[in-house]
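Open the model in your viewer and get ready to select residues as we go. Each stop tells you what to pick and what is there.

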Amino acid sequence: MEKKKNYYVVKEKAIPEVLLKVVEAKKLLDTGKADTVQDAAEQVGISRSSFYKYKDDIFPFHEETKGKTITFIIQMEDEPGILSAVLQTIAHFRGNILTIHQSIPINGIATLTLSVDILPGDGDAAAMVEVIEQKEGIHYLKILGRE
């Protein structure tokens, strides 16, 4: 069984410089100030390989995550009640499901892709993700993006 991934909130001063530069390069790409990964990496002073190595593992935490859309992917066992438990958890944390797609299960494992709007005021995305990861039958959860 795959080991569950842990998420941490760390102050910026404790993060290695290369990871901060990856975040900066991603921002350059998102804002159009860099056209290619090579260009963004050069602008911030890292290698392309460093960018690709860490690009999916770091993103800025914003206090204003509430009122934002989060897209994530979940691999879970194809057992009755597991999808229902995931959806109930999202509702409990005041998440509004915008899109949902479940693949046909292969070898008893289904892949679920969700886009969830975290409602302003009382939604808590970090806690929601943590609770979903701890559910029985959940093998993997990865945040694909935030808006």
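**Stop 1: Glu79.** Select Glu79. This is a predicted model, and Glu79 sits in the loop between β1 (69-77) and α4 (82-92). Is Glu79 buried, partly exposed or exposed? Its relative accessible area is 46%. Buried would need under 20% and exposed over 50%, so Glu79 counts as partly exposed. Glu79 and Gly108 are 29 residues apart in sequence, but their C-alpha atoms are 8.1 Å apart in space.

**Stop 2: the whole chain.** Zoom out and colour by secondary structure. How many helices and strands does the chain have? There are five helices and four strands. Start at the N terminus and follow the order: α-α-α-β-α-β-β-α-β. The chain has 147 residues, and 30% of them are buried. Next, turn to contacts between residues at least 6 apart in sequence. Of these, 68% join residues at least 24 apart.

Stop 3: Two packed regions come next. In soluble globular proteins, nonpolar side chains tend to be buried together. Select Phe72, Ile74, Val86, Ile90, Leu114, Met128 and Ile132. These residues have the most contacts inside the largest nonpolar core, which holds 19 residues. Which elements give two or more residues to this core? They are β1, α4, β3 (109-118), α5 (125-134) and β4 (138-146).

Stay here and pick Ile74 by itself. Set aside its neighbours within four places in sequence. Ile74 is then in contact with Val86, Ala110, Thr111, Leu112, Leu114, Ile132, Ile138, Tyr140 and Leu141.

**Stop 4: the second core.** Now select Leu19, Ala34, Val37 and Ile58. They are among the 12 residues of a second, separate core.

**Stop 5: a helix pair.** Two packed helices are described by the angle between their axes and the distance between the axes. Select α1 (residues 17-31) and α2 (residues 37-44). Their axes come within 9 Å and cross at roughly 130°. Roughly antiparallel would need an angle over 145 degrees, and roughly perpendicular runs from 65 to 115, so α1 and α2 are oblique to each other. The crossing of α1 and α2 is right-handed.

Show the side chains where the two helices meet. From α1, pick Lys21, Glu24, Ala25, Leu28 and Leu29; from α2, pick Val37, Ala40, Gln43 and Val44. What classes of residue make up the contact of α1 with α2? Six are nonpolar, one is polar and two are charged.

How values were computed
Residues numbered from 1 in each chain as written. Predicted model: local features only at pLDDT ≥ 70, side-chain atom pairs only at ≥ 80, totals over all residues. Heavy atoms only, no water. Buried < 20%, exposed > 50% of the residue type's maximum accessible area, 1.4 Å probe, protein only. Axes fitted to C-alpha atoms, helices over the stretch in contact; angles between N-to-C directions. Parallel < 35°, antiparallel > 145°, perpendicular 65-115°, else oblique. Left-handed = near helix turned anticlockwise from the far one by under 90°. Contact = heavy atoms within 4.5 Å. Nonpolar A, V, L, I, M, F, W, Y, C, P; charged D, E, K, R; others polar. Core = buried A, V, L, I, M, F, W, Y, C linked by side-chain atoms within 4.5 Å.
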